[in-house]
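Open the model and follow the helices first. Then turn to the charged pairs and the surface.

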Amino acid sequence: HYLVGRQAQLRMEQGRLREAETIATGVLRLPRLTLVMRLPALTVLGRTGIRLGHEGAGEILRRALSEALATGEPQNIAPVRFALVEAAWLSTDETALREHLALLQAMDVANFDPWEAGELAVWLARCGLPPDERLTLAFPKPRALELAGNPIAAADEWQRLGLPYEAALALLQVSGAGAGQAFARAVSLLDGIEAAAGAGRARATARRMGLAEHLPQQKRGPYAAARAHPLGLTKRDCDVLRLLVDG
């Protein structure tokens with residue numbers, strides 16, 4: 001069940017948010033799970049919820065943090081703290097954003113793995129905070145590209161890896177002449193995976209920067225039945241699928 005929670009994490013990173021949510025919910029409905037067996041699924045459920053714009057996702061993350069802290073293990077605590085950083089950024093809560101980053105820095109960051117170290121370094125840079133000198137590892141390529149001032153190349157690398165959400169966040173760091181095209185690409189990626197909170201933040205930032213004319217037109221969201229289905233299928237889609245299965 002711990003590994004199924006990790007599968008939910010993979011689906012989330014791939015931008016398959018509804019599937020991630022469904023898998024994580026399924027794990028959490030199982031009886032008699034230990035704390036550690038629950039944590040990956042609980043963390044994914046909260047982080048997926050904030051990306052989809054669900055009410056109550058913040059409360060799930062706070063519960064995940066409480067359970068992670070109870071383990072005393074950095075590998076359980078850091079992912080939740082990163083999720084809270086993202087939640088604060090999406091809600092434009094600068095105070096909470098800096099608080100969560102400070103709490104991450106209060107951890108033993110010298111022993112973070114390269115992906116965690118890179119994520120922390122990038123968030124510090126995005127917030128205009130000084131780099132943490134203890135982060136001495138070679139960062140993964142997409143993180144290193146963004147830190148080197150090339151967010152478009154970072155986004156290309158994220159897409160090559162199949163992580164559209166991270167690609168979109170990198171594109172939102174573009175400024176200057178290419179910003180309009182980068183924001184349009186970011187919004188298209190976020191809309192495509194139903195990451196409503198990120199798309200909303202991107203559109204608001206674009207308007208503030210005078211880039212709104214570059215953005216794709218906002219489309220009506222999926223029907224309620226499709227939103228509730230793990231693969232985004234409508235009732236008619238399901239009818240057709242059943243007929244296909246029946247031959």
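Helix α11 and helix α12 (residues 196–208) pack at an angle of about 160°, their axes lying 9 Å apart. Helices here are DSSP runs of H or I with at least four residues, numbered from the N terminus. Axes are lines fitted to C-alpha atoms over the stretch in contact, and angles run from 0 to 180 degrees between N-to-C directions. Angles under 35 degrees count as roughly parallel, over 145 as roughly antiparallel, 65 to 115 as roughly perpendicular, and the rest as oblique. α11 and α12 are therefore roughly antiparallel to each other. Their crossing is left-handed: the near helix is turned anticlockwise from the far one by less than a right angle (clockwise would be right-handed).

This is a predicted model, in which local features need pLDDT of at least 70, side-chain atom pairs count only at pLDDT 80 or more, and totals for chains, interfaces and linings use all residues. Residues are numbered from 1 along each chain as its sequence is written, and side-chain values use heavy atoms, with hydrogens and water left out.

Now take helix α1 (residues 2–13) and helix α3 (residues 35–52). They pack at an angle of about 20°, with axes 7 Å apart. α1 and α3 are therefore roughly parallel to each other. The crossing of α1 and α3 is left-handed.

Next come the charges. How many salt bridges does the count give? The count comes to 19 salt bridges, each a side-chain nitrogen of Lys or Arg within 4 Å of a carboxyl oxygen of Asp or Glu.

Start with Arg126 and Glu146. Their salt bridge has its closest N and O atoms 2.8 Å apart. The pair links distant parts of the chain: Arg126 sits in helix α7 (residues 114–126) and Glu146 in helix α8 (residues 141–147), 20 residues apart. Are these two buried or exposed? Arg126 counts as buried, at 18% relative accessibility. Glu146 is buried too, with a relative accessible area of 11%. The classes are buried under 20% relative accessible area, exposed over 50%, and partly exposed in between (1.4 Å probe, protein chains only).

Glu166 forms a salt bridge with Arg143, with 3.5 Å between the closest N and O atoms. Glu166 lies in helix α10 and Arg143 in helix α8, so the pair ties together parts that are 23 residues apart in sequence. Both Glu166 and Arg143 are buried.

The salt bridge of Asp156 and Arg185 spans 2.7 Å, N to O. Asp156 is in helix α9 (residues 151–161) and Arg185 in helix α11 (residues 179–192), 29 residues apart. Asp156 counts as partly exposed, at 41% relative accessibility. Arg185 also counts as partly exposed, at 27%.

Salt bridges also form a network, which links Arg47, Arg51, Glu86 and Glu119.

Look again at helix α10 (residues 164–171), where Tyr165 is found. Tyr165 is buried, with a relative accessible area of 1%. Its C-alpha atom is 28 Å from that of Lys235, 70 residues away along the chain.

Val240, Leu241, Leu244 and Val245 make a nonpolar surface patch of about 400 Å². Val240 lies in helix α14 (residues 235–246). At 43% relative accessibility, Val240 counts as partly exposed. Patches are made of residues with over 30% relative accessible area and no salt bridge; nonpolar side chains (Val, Leu, Ile, Met, Phe, Trp, Tyr) are joined within 5 Å, like charges within 9 Å. Accessible areas come from the Shrake-Rupley method with a 1.4 Å probe; for residues, only the protein chains shown count as cover.

Definitions and conventions
Helix = DSSP H or I, 4+ residues; strand = E, 2+ residues; numbered from the N terminus.
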